[in-house]
Amino acid sequence: MAIRQLSETLINQIAAGEVIERPASAAKELIENALDAGATRIEIATAGGGKALLRVSDNGSGMDAADLELAIRRHCTSKISETLEDIRTLGFRGEALPSIGSVARLSIASRKRDSAGGHEIAVAGGKVLHLRPAAANPGTIVEVRDLFFATPARLKFLKTEKAEAGAITEIVKRMAIAFPAVRFVLSGSDRTTLEFPATGDDHLARMAQVLGKDFSDNAIALDAVREEISLTGFAGVPTFNRGNSAHQYAFVNGRPVQDKLILSAIRGAYAETIPSGRYPVAVLSIALDPALVDVNVHPAKSDVRFRDPGLVRGLIVGAIREALARDGSRAATTGASDMLRAFRPGFQPNGQRPQAPWSAETSPSRPYQPAPTFSERPQASFDGLSMPTARAEPQFSPDPVSPGLASPRPAAPEPVGRYPLGAARAQIHANYIVAQTEDGLVIVDQHAAHERLVFEAMRKALHSKRLASQVLLIPEIVDIPEEDCDRLMLHAAEFAELGLAIERFGPGAIAVRETPAMLGEVDAHGLIRQLADEIAEWDTASGLSAKLEYVAATMACHGSVRSGRRLRPEEMNALLREMEVTPGSGQCNHGRPTYIELKLSDIERLFGRS
């Protein structure tokens, strides 16, 4: 079969299959063009989920007739010249407009700021219909109608109008977060109007517009630098989480990306702090020399490739963990809101029928009595509520398996205003500590809180000295590719600190001589292959450390103060004091909150006093 040159229209339609996957892809490309043109106001209008109409208007620099004629031709751009080493704009391929014009009805009206009049060009199915003078304000209006009318097979792969409209909304949100100084307006017959007023340099205010006020109340600022890479942004406290990863935003040199390396780093940074199936909320902005990152690895420019991925991942994980250790122990403000909703009349959790008011007939036959675990002092109790009496114990003595709380406490009541978590006032149902703070109260889950304290003590021990290992009587020989052997041996010293001793055994094998004693019986073959795969993909070897921390978390769960144990006032206050100085104490090892704070103003609202 003879080789022949494809037509320009067919070439553009092939390119459109890569660049313009759906209406949201077209919206992304057009918004990027507007931002590159220096626009400070961008308005997007849609109809039919963007399939029937997509209009993007901006007040950018605009184009003249010659620019318009070139703009619809493939690989014509004003953003790069001879090299891809220094890309500082969002767009640079010169494929978006010709790709859209080849599969839709495209019209562009534009006027330069210093020009007396504007011009308009129209393209349908890859054919130029006209180029003529037109009345236009300074800036550009790009209108796309009947997307994929020239390639009807593509329409079958689009989702419902509502889903496509939602995808465009998500694109606008990402762009709005990246450029807070730009005003965005999204409207149309298929949606309610969404407006993000410009916030200047106040990035957190823009994030609050997009993610809600709760994010700004529960966000921790990030600001870290490692070598030539800087990281800024905000990370939510662990107890402020969501059911999917849609609320994780990442930007590289101002470009919104959905890069798996960055998402993996976020997941790793929140390890042991987020419940299974839940996802943290974070907005990360990475700035580095354009020569150190390749943005030309995907037609949609949503993926990037870093020259040193291990450095970037380490920077993200380290910055987030440092921020969580500094300020991540506080409970999410949404916990108090959920509590207030639960107190409202008519609240029915899980659709249950409301219970009748308390009466002698409906009350329990006998009060809740937990099994005694140690010699209890006299308590004044009322149906599960334990309150300190006048008699005081000399000191706090926790369980032998409960490290981290063995400090003597005075018998006198703790002053309320001295500590963030206040002073213990009662224990209810032998599991929840009620503490009074200066401006409210705190309810603590004693088991979850102590579990976290024990785990943090064990994790500190893990990283402060070489872990004990068990020597294998007969070394395990693991056959793996030679390149994987090379990668593993680069991390041999790191593994040795964690109790895993390996050495080269020929060109394509690794000999495992010692394994971490903490892990017990180990599948050496599976562990080595997993570590090799992790290093190959992420250039990091954190998998073994994660396994050890998982074991530590399990041991902490079984070695902490159990639910149902009555605590003395000194013990309750000791727990609160340790929580205040322990990183990550706001949630247990499984990611559940360890305490909920209720402000006095919230309590007054419950009684209609404010």
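Helices (H or I, at least four residues) and strands (E, at least two) are DSSP runs, numbered from the N terminus. This is a predicted model, in which local features need pLDDT of at least 70, side-chain atom pairs count only at pLDDT 80 or more, and totals for chains, interfaces and linings use all residues. Residues are numbered from 1 along each chain as its sequence is written, and side-chain values use heavy atoms, with hydrogens and water left out.

**Exercise 1.** Work out in which helix glycine 166 is found, and decide whether glycine 166 counts as buried, partly exposed or exposed.

*Solution.* Glycine 166 belongs to helix α5, which covers residues 161-178. Buried means under 20% relative accessible area, exposed over 50%, and partly exposed in between (1.4 Å probe, protein chains only). Glycine 166 has 38% relative accessibility, so it counts as partly exposed. Glycine 49 lies 117 residues away from glycine 166 in sequence, yet their C-alpha atoms are 7.9 Å apart in space.

**Exercise 2.** Find the strand that holds serine 57, and name the residues that serine 57 touches, not counting residues up to four places away in sequence.

*Solution.* Serine 57 sits in strand β2, residues 53-58, and it counts as buried because its relative accessibility is 16%. Contact means heavy atoms within 4.5 Å. With residues up to four places away in sequence left out, serine 57 touches Arg41, Ile42, Glu43, Thr140 and Ile141.

**Exercise 3.** Describe the phi and the place of alanine 430.

*Solution.* Most residues other than glycine have a negative phi. Alanine 430, although not a glycine, has a positive phi of about 50°. Alanine 430 lies in the loop between β20 (423-428) and β21 (432-437), and with 1% relative accessibility it counts as buried.
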